[in-house]
Amino acid sequence: MLHQGSNFNLVENNTAYDNVDNFVIFQSQFNVVRSNIWRDAKETNIRINEPADMNYIIGNTISGCKKGIFLYGGVARTVIQKNKIATKGLVLVLRTGSDGVIFTDNQITKPAFRFKDAKNIIIENNTVTSLTTSASQGN
């Protein structure tokens with residue numbers, strides 16, 4: 001977890017599984033989360049909330065959870081790019097205060113999104129696929 005003012009960090013090449021939320025960014029900004037494996041979370045694999053600005057979620061493998069990526073409570077200008085996402089439920093959830101989120105160039109198993117009170121959202125160049133790679137098998 002990057003908690004309250006944990007800014008300008010790199011989180012890379014980690015594996016987390018079977019937690020409630022596998023990774024959380026809370027009140028932090030300018031962080032890069034890349035090349036990690038997040039799987040089988042009880043709720044969310046990556047959660048970002050309570051104002052968090054300019055975070056980058058790039059090149060991760062995310063699988064087996066209710067929510068792949070969940071942003072709320074003042075998340076702004078966040079880039080979610082080149083991830084492999086195979087969830088049991090929703091791929092991306094954007095709630096109150098999400099603004100300027102870019103979701104691009106991801107491989108997803110289904111176009112399952114939920115937005116509420118989110119604005120300036122860009123979803124482009126994503127591929128819906130069966131993801132028969134390790135993303136869907138949790139390896």
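**Close-up views of a predicted model**

View 1. Phe 113 is partly exposed, its relative accessible area being 28% (buried is under 20%, exposed over 50%, partly exposed in between; 1.4 Å probe, protein chains only). Phe 115 is likewise partly exposed, at 39%. This is a predicted model, in which local features need pLDDT of at least 70 and side-chain atom pairs pLDDT 80 or more, while totals for chains, interfaces and linings use all residues. Residues are numbered from 1 along each chain as its sequence is written, and side-chain values use heavy atoms, without hydrogens or water. The structure holds five aromatic pairs (Phe, Tyr or Trp rings, six-membered for Trp, with centres within 6.5 Å; planes under 30 degrees apart are stacked, over 60 edge-to-face, the rest tilted). One of them, Phe 113 with Phe 115, is tilted, with 6.2 Å between centres and 40° between planes. Ring pairs also bring Phe 103 into a cluster with Phe 113 and Phe 115.

**View 2. Charges over rings.** Arg 39 lies over the face of Tyr 17, 4.3 Å from the ring centre (NZ of Lys or CZ of Arg within 6 Å of the centre and within 35 degrees of the ring normal). Lys 67 lies over the face of Phe 70, at 4.4 Å from the ring centre.

**View 3. Surroundings of Asp 53.** Asp 53 is buried, with a relative accessible area of 15%. Its side chain makes a polar contact of 2.3 Å with that of Arg 77 (N or O atoms within 3.5 Å, one able to donate a hydrogen and the other to accept it within protein; residues adjacent in sequence count only if both atoms are side-chain atoms).
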